[in-house]
Structures are given as structure tokens and as C-alpha cells.
Amino acid sequence: MKKWNLIGTLALGAMLLAACGDDAANEKASTEDKKVLEMATSADFPPFESRNTAGEFEGFDIDLANYIADELGYKLEIKDMKFDGLIGALQNDRIDMVLSGMSATDKRKENVDFSTEYNHSGEMFITLKDSDIQSIEDLEGKKLGVQLGTIQEDGAKKIKAETVDFEIKALDSANILIQELLSDRIDAAYVDKAVAQGFIAEQDLAGFDDPTSSSPGMGIAFPKGSDLVEDVNAVLKKAEESGKLQELKDKWLSEE
Ligand code: ARG
């Protein structure tokens with residue numbers, strides 16, 4: 001008797017859950033007419049993603065994400081998160097995809113799936129203009145800032161283990177990195193080249209290329225096994241062939 005009650009309760013629960021799921025989906029479709037694609041990014045990384053003075057998202061990744069959503073018939077919703085939390089959000093299925101200047105590393109591929117690479121940028125060290133740091137060796141005894149969870153954080157640890165000794169300061173956002181540099185709390189910042197070039201020009205800073213790194217290109221990240229990977233790869237291929245990708249590169253990454 002007890003057993004049947006339990007089964008009955010479970011079945012009812014399942015029915016209710018299924019019904020709720022349907023309702024939620026219908027409501028979404030009718031109020032917005034389109035399926036929603038939830039993308040997350042860490043909007044501290046111009047020219048890939050940042051917010052303008054009105055607080056709106058802008059940048060290469062933002063345009064590319066909008067293009068992809070349009071092509072696939074989705075309405076794009078963007079969530080701003082700490083870079084360090086993006087992979088976890090994908091793993092918990094809280095978001096559908098990440099465009100955040102994210103390098104498609106083998107280490108990340110253990111936890112998420114990547115699209116084909118859509119851009120490649122090396123790394124640079126940024127310093128103040130009058131800095132005496134002009135090479136990796138000059139970092140000896142200095143403070144190097146990196147963004148938490150980035151390939152530059154790993155890269156800095158590697159350089160420190162293999163080459164010269166310095167202190168690594170891992171910070172939440174790339175904007176904070178630049179603030180720390182401008183206020184002399186770090187001696188150099190280690191960032192993707194296209195981003196570094198922008199900050200150098202905008203804040204009148206200096207910098208030099210990283211000769212050590214051979215990092216992979218940037219990819220769009222998805223939860224493991226996501227059906228979207230194939231669809232998005234098809235859109236990227238189309239964008240490559242039609243010149244759309246080049247158009248976006250010319251618009252946002254022309255300093256390279
Ligand atoms: N390309 C580097 C990486 O994948 C840094 C990306 C940082 N992105 C950002 N939106 N802050 O680790």
C-alpha cells in the first residue's frame with residue numbers, strides 16, 4: 001500500500017514537473033516569439049567585450065554572438081560574469097554559450113566543448129611608459145598582474161617556475177588590472193595582445209610581446225555535448241566564407 005502511494009506521488013510529481021516545463025517554454029515563446037540563447041561573458045575585455053557609457057554591451061564577441069543568434073533564430077541574452085566563473089556556469093548548464101575572448105585550451109576542453117577558433121591573438125606584457133621592464137628577465141622581483149582563471153595566470157606561473165622569480169597578483173577583471181598598473185600597485189600586466197594594444201593606446205602605456213607563448217585561438221565555449229556546437233560551427237563557416245568575420249575583425253581588431 002505504502003509503495004503504491006509513493007509511486008503515485010512520484011508519478012504525479014513527474015506530471016506536474018513536465019507540465020511546468022511546458023508552460024514555461026510556451027510562455028517564453030509567446031512573449032518573445034523566439035527561443036532565448038543565453039550567452040555569458042566577462043565584459044572587461046575591450047575590444048572583445050565591454051560596456052559603453054550607457055552600460056550596453058559592445059565589442060567583437062558581442063557582434064559575433066548577435067550574428068550567430070540571428071542566423072539561428074534565437075533572441076540573445078547576455079550575462080556579465082567574472083571570467084573565472086564562466087566555465088563553471090557552462091558545466092552547471094546555467095548558460096548556453098560563452099564568448100569571452102576565451103582561448104580554446106586542452107585543459108578547458110576537458111570540461112567544455114569549443115567551436116572552431118574564430119580569432120587568434122598572442123600575449124603581451126603592459127607596463128607604464130617609463131618602466132624599466134622591457135623583457136621577461138626584467139620581471140625579476142617585480143609584481144605581475146594577471147586576470148584570475150586566464151591562460152595568462154597559468155602562463156605567469158610557468159614563466160615564474162622556469163625563468164625568473166616575481167610575484168603574481170591574480171585579479172578578477174582586466175579593467176582592475178589596468179587600474180592597478182596605473183596606480184603602481186603592480187609593475188606589469190599580462191594580457192591578450194589585441195586587448196593590450198587597446199589599453200596601451202588608450203591609457204598611454206607601453207608594452208612588449210610575450211616571446212614564450214604559443215596559445216590556442218579563441219573559441220566559443222558550450223556545455224559538454226551541447227547540440228549548439230554543430231549549428232554554431234556552420235554559422236562560423238558561413239561568416240568566414242561571406243566575409244562577415246573579416247568585417248567584424250576590421251571593425252574591432254584593426255590595430256593588430
Ligand atoms: N584569452 C585569455 C584566456 O582565455 C583571456 C580571456 C579573458 N577574457 C575576458 N573577457 N576577460 O584565458
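**Close-up views of a predicted model**

**View 1. The shell around the ligand.** The shell around the ligand takes at least three residues from each of domain 2 (34–120 + 217–252) and domain 3 (123–209), with domain bounds that come from an automatic or database domain assignment. The model is predicted, and local features need pLDDT of at least 70, side-chain atom pairs count only at pLDDT 80 or more, and totals for chains, interfaces and linings use all residues. Residues are numbered from 1 along each chain as its sequence is written. The ligand is surrounded by 14 residues, of which the closest are S42, F45, S103, T150 and I151; a residue is near a molecule if its C-beta atom, placed from the backbone, lies within 6 Å of it.

**View 2. The largest nonpolar core.** This core holds 62 residues, and those touching the most other members are M39, V98, I126, A188, A189, V191 and A221. Helix 2 (residues 60–72) supplies the largest share of this core, six residues, while at least three residues come from each of domain 2 and domain 3. A nonpolar core is a set of buried Ala, Val, Leu, Ile, Met, Phe, Trp, Tyr and Cys residues joined through C-beta atoms within 7 Å, and a residue is buried if 20 or more other C-beta atoms lie within 10 Å of its own, with C-beta atoms placed from the backbone.

**View 3. The surroundings of A221.** Not counting residues up to four places away in sequence, A221 touches L90, M97, V98, M102, R108, V112 and F114, where contact requires C-beta atoms, placed from the backbone, within 7 Å.

Key:
Buried ≥ 20, exposed ≤ 12 C-beta atoms within 10 Å, placed from the backbone. Helix = DSSP H or I, 4+ residues; strand = E, 2+ residues; numbered from the N terminus. Contact = placed C-beta atoms within 7 Å.
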